[in-house]
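Subject: Structure handover and findings

Hello,

Here is the structure I promised you. Please have a look at it first, then read my notes below.

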Amino acid sequence: MLKSLGADWLVLRVFFLGVCLVTPALALQVVDDLGVPLNLDKPPQRIVSLLPSLTETVCALGQCQKLVGVDRYSNWPERIAKLPRMGGGIDPSIESVVAAKPDLVLMAASARGAERFIALGLTVLSLEPRSHADVQRVIRTVAQALHVPTQESDRVWRYIDAAIDTASQSIPTQVKGQSVYFEVNRAPYGASESSFIGETLHRLGVRNILPASLGPFPKINPEFVVRAQPNIIMVGESSFADMATRPGWENMRAIRMQHVCYFKSEESELLGRPGPRMAEAARIIAKCLIDKSERSKAELIDKAKVQP
């Protein structure tokens, strides 16, 4: 009897093992920023990314080799330099994307072309990080879509989060609480408290002159900045050239005392991308704050020397 039961149990184990081997894995479902659920039953092997921050996220998750095309603005890491360029968010090259035969297209939720891609049978995941919380969520969502273990996406986020904390700890006490104007475009548009750049500034301990109520990246009346009199101005190199010619700006203390950080084009580009390189962005901003602190200290010393 026992021998019979043992034989029957062995047969059952073999049967269930066979079922497991031949039954396809349950489809993995992710929901994008447009609320569209996607069923992905296997890891995508050919990926097109049409947003730089998503391109960088794919690579940060160790899946760079699966990219077969990117948008014209994606330029990091260096290994993607030779990939085909397939337009941008407002003008994706439908023909190029389709010809690449991707099994997953990553693009911004605000980009054009998603409906067309879907109509042509492509799988589209629309994601657009706008805040620190969004970056964490998008890294995890992309990892899920690529069948990358959650612990790997968590590792990427922990690195970003810890690096921002470290950058904050490096800033001198006398800089904490100083007011900052961060310009993202010479129109001018600024980064407010509600933008991901504003969140980084807050975590670094400085005060943004642009309130969250203005929206993430509001167009600013130059007189607003003059009235606010920020202690430090942060701006791209291209905007810095004519900044002092704006009405009233030549009399701003930050301009007169040269408390202006102007970022090179590659730095400005990096600072404007909510993604895996936010850690490096925090270090760049922290360096600006530290440099201006050292300059202020030197000015005080020089002033003391000339006192009678």
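Three bridges join strand β3 (residues 47-49) to strand β5 (residues 104-107). The two strands run parallel. Helices and strands here are DSSP runs, numbered from the N terminus: H or I of at least four residues for helices, E of at least two for strands.

Before the rest, the ground rules. This is a predicted model, with local features needing pLDDT of at least 70 and side-chain atom pairs counting only at pLDDT 80 or more, while totals for chains, interfaces and linings use all residues. Residues are numbered from 1 along each chain as its sequence is written, and side-chain values use heavy atoms, with hydrogens and water left out.

**The sheet**

β3 and β5 belong to an open sheet of four strands, in the order β4-β3-β5-β6 with parallel pairing. The edges are β4 (67-70) and β6 (124-126). Each has a single partner strand, so one side of each is left without a neighbour in the sheet. Neighbouring strands are turned by 20 degrees against each other on average, direction ignored. Two strands count as paired if DSSP finds at least two bridges between them.

Helix α2 (residues 52-60) packs on this sheet and touches β3, β4 and β5. The direction of α2 makes about 160 degrees with that of β4. Axes are lines fitted to C-alpha atoms, for helices over the stretch in contact, and angles run from 0 to 180 degrees between N-to-C directions. Contact means heavy atoms within 4.5 Å.

**The whole chain**

The chain has 12 helices and 11 strands. Of its 308 residues, 44% count as buried. Buried means under 20% relative accessible area, exposed means over 50%, and partly exposed is in between (1.4 Å probe, protein chains only). Take the contacts between residues at least 6 apart in sequence: 56% of them join residues at least 24 apart.

Glu128 sits in the loop between β6 and α5. Glu128 counts as buried because its relative accessibility is 16%. The side chain of Glu128 makes a polar contact with the side chain of Arg130, at 3.4 Å. A polar atom of the Glu128 side chain also lies 3.2 Å from the backbone nitrogen of Ala109. Leaving aside neighbours within four places in sequence, Glu128 is in contact with Asp33, Ala108, Ala109, Ser110 and Asp134.

A polar contact is a pair of N or O atoms within 3.5 Å; within protein, one must be able to donate a hydrogen and the other to accept it, and residues adjacent in sequence count only if both atoms are side-chain atoms.

Arg246 is in the loop between α9 (237-240) and α10 (253-256). At 10% relative accessibility, Arg246 counts as buried. A polar contact of 2.8 Å joins its side chain to that of Glu183. Not counting residues up to four places away in sequence, Arg246 touches Glu183, Arg186, Pro188 and Ser239.

**Backbone points to check**

- Pro188 lies in the loop between β7 (179-185) and β8 (189-190). The peptide bond from Ala187 to Pro188 is cis, with omega about 0 degrees.
- Trp76 and Pro77 are also joined by a cis peptide bond, with omega about 0 degrees. Pro77 is in the loop between β4 and α3 (94-99).
- His147 is not a glycine, yet has a positive phi of about 60 degrees. His147 is in the loop between α5 (132-145) and α6 (150-169), and counts as partly exposed at 33% relative accessibility.
- Gln258 has a positive phi near 60 degrees. Gln258 is in the loop between α10 and β11 (260-263), and is partly exposed at 48% relative accessibility.

In helix α7 (residues 196-203), Phe196, Ile197, Gly198, Thr200 and Leu201 are buried. Gly205 follows α7, with a positive phi near 90 degrees.

The structure holds one cavity of 30 Å³ or more. What is the volume of the largest cavity? About 60 Å³. Its lining is Phe196, Ile197, Thr200, Leu271, Arg273, Met278, Ala281, Ala282 and Ile285. The elements that give two or more residues to this lining are α7 and α12 (278-306). α12 gives the most, with four residues.

A cavity is a set of points, on a 1 Å grid over the protein atoms alone, where a 1.4 Å probe fits but cannot get out; lining residues have an atom within 4 Å of a point. Grid points are joined across faces, edges and corners, and a volume is the space filled by probe spheres set on the points.

Best regards

Note on methods. 1 Å grid on protein atoms, 1.4 Å probe; cavity = no way out; pocket = protein on both sides within 12 Å on 5 of 7 lines; lining within 4 Å.
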